[in-house]
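Let's take a friendly walk through how two chains can meet. Please have the sequence and the model open beside you.

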Number of protein chains: 2
Amino acid sequence: MAIHKKEEFTQKEQDLAAFAKALSHPARIAILKVLAQKNECICGEIVEVLPLAQSTVSQHLKELKIAGLISGETDGPRSCYCINWKAFEKFNSDFNSLFEKLKSVNAKCC
Amino acid sequence: MAIHKKEEFTQKEQDLAAFAKALSHPARIAILKVLAQKNECICGEIVEVLPLAQSTVSQHLKELKIAGLISGETDGPRSCYCINWKAFEKFNSDFNSLFEKLKSVNAKCC
DNA sequence: TTTTATTATCGTATATTTGCGATATAAGAT
DNA sequence: ATCTTATATCGCAAATATACGATAATAAAA
């Protein structure tokens, strides 16, 4: 690969791709579900629910955090993760607008 | 890594993740845009627009095709790609339903 | 202070992705 | 039949992602 080409695309395209990437693993989608279902900012409970080791879950949480989909604070032996609704909404609408833009043209051939 | 854990998640989670993965690279999002803008099933024009080699674009097209987001036929030295609206709509609504499910709980802590 | 419990990080192995040049393929043009 | 043109595929190199065990870090409990 050598050279990264990603940065040669639109910022919006990159952002959208980064968001999609954060959701591109079933474990991370499952984590988001758990975070939403429990009306509390859990963390260790996620490990119990998922078929993954603690370190792996922690890694997925980190990625979700970096992507901005969740926010989290670690307070010693206790953590607090929750969904970052703001960013989530933003990306959701971005996705929808992409779909709308695509749909509006409605090209159809094959 | 050795062992794949992806298949231990819900089918729906896997499908959604696969869809997100298809969109997880700016080049593929750009390709979808081009396919929609041009009111014709192009292909070589994509190569001109993107900052990537022909073989790389072809590979991205293949991935989009495998993911079911586009359908395409190759007719000798000419190809015909276009967006698979059906699958696109399906995944879009799946995404929205995920967001809705998450939003409905509206947990908020940190 | 030492222990305990929880989470993060490091190191590592393997798998997958990304990207390109070179080559194959396939249909139309000459 | 040969050339041309557009696409796909192969083979490879480098980067990233996935997963885990081991270890560090941190704050509360004993």
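Two residues are in contact if their C-beta atoms, placed from the backbone, lie within 7 Å. By that rule, 100% of the interface residues of chain A are also interface residues in chain B, so the copies meet through the same surface.

A word on the source: this is a predicted model, in which local features need pLDDT of at least 70, side-chain atom pairs count only at pLDDT 80 or more, and totals for chains, interfaces and linings use all residues. Residues are numbered from 1 along each chain as its sequence is written, while chains are lettered from A and ligands numbered from 1 in the order in which they are written.

How are the copies related? A rotation of 180° with 0.0 Å of shift along its axis places chain A on chain B with an RMSD of 0.1 Å, and the two are thus related as by a two-fold rotation axis. The superposition is by least squares on the C-alpha atoms of residues with pLDDT of at least 70 in both copies. Of the residues of chain A, A20(A) comes closest to the axis, its C-alpha at 2.4 Å.

Now to the interface, where 40 residues of chain A are in contact with 40 residues of chain B. On the chain A side, α1 (11–22), α2 (26–37), β1 (70–75), β2 (78–83) and α5 (85–105) each give two or more residues, and α2(A) gives the most, with seven. Helices (H or I, at least four residues) and strands (E, at least two) are DSSP runs, numbered from the N terminus.

| Helix | Residues in the contact |
|---|---|
| α1(A) | E13(A), Q14(A), L16(A), A17(A) |
| α2(B) | P26(B), I29(B), A30(B) |

E13(A) touches P26(B), I29(B) and A30(B), leaving aside residues up to four places away in sequence. E13(A) is also buried, with 20 other C-beta atoms within 10 Å; buried means 20 or more such atoms, exposed 12 or fewer, and partly exposed in between. Although E13(A) and I42(A) are 29 residues apart in sequence, their C-alpha atoms are 32 Å apart in space.
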